[in-house]
Amino acid sequence: AFQRFLHNGIFALLPLYDDLYSIVSSMPKSINEDLRNLPDDQFLKFVNNILHSHSEMDTSQIDRLSSRNNYIQPPVITEILSKKFELNLQMQYANKVIDKNCILIGDASHVIHPMAGQGMNLGIMDSALLANEICSNINTGKRINDIRSMNDFSFKSQMNTRLMVATLECLRLVYHPTNPILTAVRNMGMSLSNSSEIMRGLFILSASGLASQPPKFEWE
């Protein structure tokens, strides 16, 4: 996945399969409407300019001097294969995800900002955690909807969701400042984090959702 942080929003490529990507633009409504109405050739030019131009959120000299600066260049987009459409962004999550024999997972349970595909990651983790509880109940002779295990699932799912919402909100706030001093401080902090194996590992652990995953799933 590739994501650019712009002064007025984000622009991202999310991999589908082969050399196909989903293009996601999260910007003010007026800008997204203009992008939707662009002819494909002009839209392609805009996309590639965003992906390959000098970053508006420039990192500090630490990254430039670091041997760890091994960023992968995003691909050049050559064709638009589907229609463009827009959705109003909203953030919602259910306070209660279980009720009798009904369990909410994925987007039915939580709707978050489409940043780096984390909503999909939360849905996948919901599925894995629920399947883990069901397999555990079967292996121990309990009903598959044993209320204690379902409550355990509910707690883990909601913990993941709230942690991800807090992380994405922090990212949004960090990349929002337009004050040059705040921007410089932000860039310095991100550069230092990027050069630290410990900090990079913590970010990856948080983004992947592995922190809440059991050491071994019941079906393994």
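The model is predicted, and its largest nonpolar core has 13 residues. The largest share of that core, 5 residues, comes from α2.

**The nonpolar cores**

- Within the largest nonpolar core, the residues with the most contacts are F11, V47, L51 and I77, while β1 (2–6), β2 (9–15) and α2 (40–52) each supply at least two of the core's residues.
- Leaving aside residues up to four places away in sequence, I77 touches L13, L44, V47, N48 and L51.
- A second, separate core is made of 8 residues, among them I98, M125, L130 and M150.

**Helix α2**

- The 13 residues of α2 should span 18 Å at 1.5 Å a residue, and this agrees with its end C-alpha atoms, which are 18 Å apart.
- The residues F43, L44, V47, N48, I50 and L51 of α2 are buried, and because the buried residues fall within an arc of 160 degrees when seen down the helix axis, they line one face of α2.
- An α-helix has 3.6 residues a turn, so residues three or four places apart point the same way.
- D41 and K45 are exposed on the other side of α2, whereas the buried residues of the helix are covered by elements including β1, β2, β3 (21–26) and α1 (29–37).

**Residue F155**

- F155 lies in helix α5, which runs over residues 147–175, and it counts as exposed because its relative accessibility is 56%, where the cut-off for exposed is over 50%.
- Although F155 and V97 are 58 residues apart along the chain, their C-alpha atoms are separated by 9.4 Å.

Definitions and conventions: Residues numbered from 1 in each chain as written. Predicted model: local features only at pLDDT ≥ 70, side-chain atom pairs only at ≥ 80, totals over all residues. Heavy atoms only, no water. Helix = DSSP H or I, 4+ residues; strand = E, 2+ residues; numbered from the N terminus. Buried < 20%, exposed > 50% of the residue type's maximum accessible area, 1.4 Å probe, protein only. Core = buried A, V, L, I, M, F, W, Y, C linked by side-chain atoms within 4.5 Å. Contact = heavy atoms within 4.5 Å. Expected span 1.5 Å × (residues − 1). Arc of directions from axis to C-beta.
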